[in-house]
Amino acid sequence: AEPRFDGVELPDWPGRSGHLQVGFVGRPYPGKGIETIAAAAADLPDVDFHVVGAAREDLAWLAAQLPANLHLHGFREHRALPAYYRRVDVAAAPYGAEVFKASGIEGASITSPLKVIEYMAAGLPIVTSDLPGVRDIAEHERSALLMPPGDEAAFVAALTALRDDVGLRARLAAAARAEFLERHDVRARAERVIANLGD
């Protein structure tokens, strides 16, 4: 569903003014991208990373020390997420080659990237992994930058390109928002379902 911009504001923001702000929203399970984000934060100290959906105690399984430019915002209700989307410059979903659910079951091949659709609705430039479910909704270098799953170097390279090219960020963001409105909002989905009823 499209994020509701209902006036929720953040009381404080730990990101540094003038630095690229990269956001990730989701649960901190192995393969969801936390490992890749932590590694990228260490490689890009001039970029601020924000994880909404995890606190430090949720990441006991993650051996890496968390860099100072990686900020954990903990769990937030869905209605609060648009306030975070307004504060970030880039949205990330760097899934690994294996993506584990809360149940512990691996499901990269069937991952439904609802967070990517929500990033598109928010009109953000996106860096995400080239998985089958992602490929169904995002096109590389048009509505997102797609990277090989779990490829930390490719993730860093994509973020560096977006950090250095404001025009690229704007083009990806506009295309992502347009793609959402055309194919993924409630009205577009309902029209597709109705059109297929006669098949």
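These are my notebook entries on a predicted model of one protein chain.

**Ground rules**

I number residues from 1 along each chain as the sequence is written, and side-chain values use heavy atoms, with hydrogens and water left out. Since the model is predicted, local features need pLDDT of at least 70 and side-chain atom pairs count only at pLDDT 80 or more, while totals for chains, interfaces and linings use all residues.

**Entry 1: the overall layout**

I looked up the elements and found seven helices and six strands in the protein chain. Helices (H or I, at least four residues) and strands (E, at least two) are DSSP runs, numbered from the N terminus. From that end, the order reads β-α-β-β-α-β-α-β-α-β-α-α-α.

Next I checked burial: 51% of the 199 residues count as buried. Buried means under 20% relative accessible area, exposed over 50%, and partly exposed in between, with a 1.4 Å probe and protein chains only. I also looked at contacts, meaning heavy atoms within 4.5 Å. Among those between residues at least 6 apart in sequence, 67% join residues at least 24 apart.

**Entry 2: helix 1 and helix 5**

How do helix 1 and helix 5 cross? Helix 1 (residues 34-43) and helix 5 (residues 152-164) have axes that come within 9 Å and cross at roughly 60 degrees. Axes are lines fitted to C-alpha atoms, for helices over the stretch in contact, and angles run from 0 to 180 degrees between N-to-C directions. That angle makes helix 1 oblique to helix 5. (Under 35 degrees is roughly parallel, over 145 roughly antiparallel, 65 to 115 roughly perpendicular, and the rest oblique.)

On the helix 1 side I listed Glu35, Thr36, Ile37, Ala39, Ala40 and Asp43, which meet Glu152, Phe155, Val156 and Leu159 in helix 5. By class, this contact has six nonpolar, one polar and three charged residues. (Ala, Val, Leu, Ile, Met, Phe, Trp, Tyr, Cys and Pro count as nonpolar, Asp, Glu, Lys and Arg as charged, and the others, Gly among them, as polar.)

**Entry 3: helix 3 and helix 6**

For helix 3 (residues 114-121) and helix 6 (residues 166-184), I noted axes that come within 7 Å and cross at roughly 115 degrees. Helix 3 and helix 6 are therefore roughly perpendicular, and their crossing is left-handed. Ile117, Met120 and Ala121 in helix 3 meet Ala176, Arg177, Glu179, Phe180 and His184 in helix 6. I sorted that contact into five nonpolar, one polar and two charged residues.

**Entry 4: aromatic pairs**

How many aromatic pairs turn up in the whole structure? I got two. Rings of Phe, Tyr and Trp (its six-membered ring) pair if their centres lie within 6.5 Å; planes under 30 degrees apart are stacked, over 60 edge-to-face, and the rest tilted.

Trp13 and Tyr84 have ring centres 6.3 Å apart and planes at 55 degrees, so I call this pair tilted. Trp13 sits in the segment before strand 1 (21-25) and Tyr84 in helix 2 (residues 81-85), so the pair ties together parts 71 residues apart in sequence. Trp13 and Tyr84 are buried.

Tyr85 and Tyr119 have ring centres 6.0 Å apart and planes at 85 degrees, so that pair is edge-to-face. Tyr85 and Tyr119 are both buried.

**Entry 5: Leu62**

I found Leu62 in the loop between strand 2 (48-52) and strand 3 (70-74). Leu62 counts as buried, at 8% relative accessibility. Leaving out residues up to four places away in sequence, Leu62 touches Ile34, Glu35, Ala38 and Arg56.

Key: A crossing is left-handed if the near helix is turned anticlockwise from the far one by less than a right angle, and right-handed if clockwise.
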